[in-house]
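Please read the points below with the sequence and the model open beside you. They are meant to be checked one at a time.

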Amino acid sequence: MEERRAHVLTIRILDFFLLFPAEIETTMIMPAQWRSWKSRFRAFRNKYFGSVSPQSVFMQMSGPQVEGLRLLVSRRLIDPEEFQSDIVALIAETLPPSLAASIESRNSEETELVEFLVSKLATLELRGLGGLKQRTGLVEYRYDAV
């Protein structure tokens with residue numbers, strides 16, 4: 001993610017866990033070296049509604065997530081050519097200062113969660129065994145071409 005580009009599905013999965021961090025503890029298959037992180041998310045609770053079916057909620061979130069990304073494309077915050085190939089590539093120089101400040105403020109509210117999402121989850125391959133799709137169980141992975 002430091003290169004400021006990722007697959008749309010990776011962004012959607014990270015967004016899901018940003019909204020439902022308690023699901024990290026219950027649904028993620030962690031690599032052995034990250035297991036200490038898993039217990040950190042036990043304290044989080046679902047802010048939006050009672051128990052959730054992660055796969056169902058993830059599917060329901062698809063429309064709003066993709067439309068949000070399309071809005072960012074239309075505002076030239078995401079590269080439109082890359083987006084046509086399902087890649088979200090941030091055009092950093094076009095990020096309005098007020099938006100950057102808002103993002104920074106929101107991220108500072110849950111620093112540990114954001115650090116985990118960006119420095120750990122975002123670094124996993126998306127597809128195949130051990131990939132983000134398989135480890136989260138949110139998306140079918142068995143038929144991925146790897």
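1. Arg40 is partly exposed, with a relative accessible area of 33%. Buried here means under 20% relative accessible area, exposed means over 50%, and partly exposed is in between (1.4 Å probe, protein chains only). Arg40 makes a salt bridge with Glu112, and their closest N and O atoms are 3.2 Å apart. A salt bridge is a side-chain nitrogen of Lys or Arg within 4 Å of a carboxyl oxygen of Asp or Glu. Arg40 is in the loop between helix H3 (35-38) and helix H4 (54-74), while Glu112 is in helix H7 (residues 111-119), so the pair ties together parts that are 72 residues apart in sequence. Glu112 is also partly exposed, at a relative accessible area of 35%.

2. A word on the source. This is a predicted model, in which local features need pLDDT of at least 70 and side-chain atom pairs count only at pLDDT 80 or more, while totals for chains, interfaces and linings use all residues. Residues are numbered from 1 along each chain as its sequence is written, and side-chain values use heavy atoms, with hydrogens and water left out.

3. How many salt bridges does the structure hold? There are four. Side chains of opposite charge can pair when their charged atoms come close. One of the four joins Arg70 to Glu67, with the closest N and O atoms 2.6 Å apart. Arg70 is partly exposed at 44%, and Glu67 is partly exposed at 44% relative accessibility.

4. Arg106 and Glu110 also meet through their side chains in a salt bridge, at 3.5 Å from N to O.

5. Now the chain as a whole. The protein chain has eight helices and two strands. Helices (H or I, at least four residues) and strands (E, at least two) are DSSP runs, numbered from the N terminus. Read from the N terminus, the order of elements is β-α-α-α-α-α-β-α-α-α. The radius of gyration is 15 Å, close to the 15 Å that the globule rule gives for 146 residues, so the protein chain is as compact as a globular protein of that length. This radius is taken over C-alpha atoms, and the globule rule is 2.2 Å times the number of residues to the power 0.38. Along the principal axes, the C-alpha trace spans about 40 × 35 × 30 Å.

6. Of the 146 residues in the protein chain, 38% are buried. The protein chain exposes about 8700 Å², and carbon and sulfur atoms supply 52% of that area. Accessible areas come from the Shrake-Rupley method with a 1.4 Å probe; for residues, only the protein chains shown count as cover.

7. Contact means heavy atoms within 4.5 Å. Among contacts with a separation of 6 or more in the protein chain, 61% are between residues 24 or more positions apart. Leu14 lies in helix H1 (residues 8-19) and is buried, with a relative accessible area of 9%.

8. Which residues does Gln134 touch, not counting residues up to four places away in sequence? They are Ile29, Gly128, Leu129 and Tyr141. Gln134 is in helix H8 (residues 132-136), and at 18% relative accessibility it counts as buried.

9. Arg76 is not a glycine, but its phi is positive, near 60 degrees. Arg76 sits in the loop between H4 and helix H5 (80-83) and is partly exposed at 48% relative accessibility. Asp86, also not a glycine, has a positive phi of about 65 degrees. Asp86 is in the loop between H5 and strand S2 (87-89), and its relative accessible area of 40% makes it partly exposed.
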